[in-house]
Amino acid sequence: MPNVNFEYKKALAQGDKLFEALVTSKIKELVPEAKASWTNWTLFLKTNDSDMQKVYTYLSGTYGMMNIDVNQVGDEYAIDFM
């Protein structure tokens, strides 16, 4: 994963659960009312469009735009980390 900052590299090295917790906590700092859950290494985020734009801007700045994939699934967003 190029362009990943040290904090995320460390969390990835320590396992999936720590990575999930770190990403979830960062998103909750940006959008406290968002509902987040993980399934099979995909983050499902229930939030409005303007708050999703904040999350996308943060994640693409942290990971690089080519390292995340965001899709709307019903009333939530599915975020995959590559």
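Residues are numbered from 1 along each chain as its sequence is written. In this predicted model, local features need pLDDT of at least 70 and side-chain atom pairs count only at pLDDT 80 or more, while totals for chains, interfaces and linings use all residues; side-chain values use heavy atoms, without hydrogens and water.

Four strands make up an open sheet. Their order is β1-β2-β4-β3, and the pairing is antiparallel. Helices (H or I, at least four residues) and strands (E, at least two) are DSSP runs numbered from the N terminus. Two strands count as paired if DSSP finds at least two bridges between them. β1 (35–39) and β3 (68–73) each have a single partner strand and stand at the edges, so one side of each lacks a neighbour in the sheet. Direction ignored, neighbouring strands are turned by 25 degrees against each other on average. Axes here are lines fitted to C-alpha atoms, for helices over the stretch in contact, and angles run from 0 to 180 degrees between N-to-C directions.

Strand β4 (residues 76–81) pairs with both β2 and β3. Six antiparallel bridges link β3 and β4. I68 has F81 of β4 as its bridge partner. V70 stands opposite I79 in β4. β3 and β4 form a hairpin with two residues between them. In its turn, G74 has a positive phi of about 65 degrees. On the β2 side, four antiparallel bridges join β2 and β4. There, L43 has I79 of β4 as its bridge partner.

Contact means heavy atoms within 4.5 Å. The expected span of a helix is 1.5 Å times one less than its number of residues. For the 15 residues of α2 this gives 21 Å, and the end C-alpha atoms are 21 Å apart, which agrees. Buried residues (under 20% relative accessible area; exposed is over 50%, partly exposed in between; 1.4 Å probe, protein chains only) in α2 include F19, L22, V23 and I27. E20, T24 and K26 of α2 are also buried. Helix α3 (residues 49–63) lies across β2, β3 and β4. α3 runs at about 5 degrees to β4.

The loop between β1 and β2 holds N40 and W41. N40 is exposed, with a relative accessible area of 63%. W41 is exposed at 55%.
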